Amino acid sequence: MNFRPAISGLAALTMGLLPAAAYAQSVNVTRSILQDQPYTVIYPDVMVPSGGATEPLNLTHPSVPLQCDLTIVPVQDTDWTAQSALSSLNDNEVASSWAKTFPGFTLGTKTTTPYQSGPALLYDGQSTDSPMGIPLTIVHTEAVDTGRGYTLDCLFATEIAAQARPIVDFIIANFSTRSDAECCVGAEAKSVETAPIAPTQ
């Protein structure tokens, strides 16, 4: 089953310099304590978390257009696999769905990728325009685990792709659909959050 895009909102961020090595610095770990929505998200400590609990978890860079959103929904498809999702992906439907929010969206890479907890579907694409008024690159991942569908979507200004994509790839590679995942590839944990982030207004 292919999930619809899960970007929940866009921050109005200014352009700035994103250090290329930012993803290799200290990280934070956020774990869910909700039994029906387990996850572990590991991310560079420059990223600012918000939401969580019963709301999507958002990670936003404070000074450049870089954002990741995690959404969890119940699913009935017990036969879902990342490979079957990749095989059944409809390019036109994907592009059309994203283009409603991100005009000029074109689909790029389609593949499977490992979360810490198992394989996920991954595809990316670019839009020529966006609600932020700049071209964006969007990286979408999804997986199903024990009746729950997980989407982890990241977007960033296309012009900073060389610096932003390694951060996105790090977050994706270290994501887990379980709440007991350990840190991590390429960094040392700075602190651990043992509860979901409280929703913000």
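Q: Quick one before we start: what counts as a disulfide here?
A: A disulfide is a pair of cysteine sulfur atoms within 2.5 Å. Keep in mind that we're looking at a predicted model.

Q: Okay, so how many disulfides does the structure hold?
A: There are two. One of them joins Cys68 to Cys154, with 2.0 Å from S to S.

Q: Where in the chain do Cys68 and Cys154 sit?
A: In distant parts, 86 residues apart. Cys68 belongs to strand E5 (residues 66–74), while Cys154 is in strand E9 (residues 148–157).

Q: And are those two buried or exposed?
A: Both Cys68 and Cys154 are buried.

Q: Which hand does that link have?
A: The Cys68 and Cys154 link is right-handed, with 110° about the S-S bond.

Q: What about Cys183, which residue is it joined to?
A: A disulfide ties Cys183 to Cys184, and the S to S distance is 1.8 Å.

Q: Why is Cys183 called partly exposed?
A: Because its relative accessible area is 29%, and partly exposed covers what falls between under 20% (buried) and over 50% (exposed).

Q: What pattern do the disulfides follow?
A: Counting bonded cysteines along the chain, the pattern is 1-2, 3-4.

Q: New topic: where does Ser127 lie?
A: Ser127 is in strand E7 (residues 118–127). Ser127 is also buried, because its relative accessible area is 3%.

Q: What does its side chain reach?
A: The Ser127 side chain gets to the backbone oxygen of Asp129, at 2.8 Å.

Q: Which residues does Ser127 touch, leaving out those up to four places away in sequence?
A: Ser127 touches Phe102, Pro103, Gly104 and Phe105, plus Pro135 and Leu136.

Notes:
Residues are numbered from 1 along each chain as its sequence is written. This is a predicted model: local features need pLDDT of at least 70, side-chain atom pairs count only at pLDDT 80 or more; totals for chains, interfaces and linings use all residues. Side-chain values use heavy atoms; hydrogens and water are left out. Helices (H or I, at least four residues) and strands (E, at least two) are DSSP runs, numbered from the N terminus. Buried means under 20% relative accessible area, exposed over 50%, partly exposed in between (1.4 Å probe, protein chains only). A polar contact is a pair of N or O atoms within 3.5 Å; within protein, one must be able to donate a hydrogen and the other to accept it, and residues adjacent in sequence count only if both atoms are side-chain atoms. Contact means heavy atoms within 4.5 Å.
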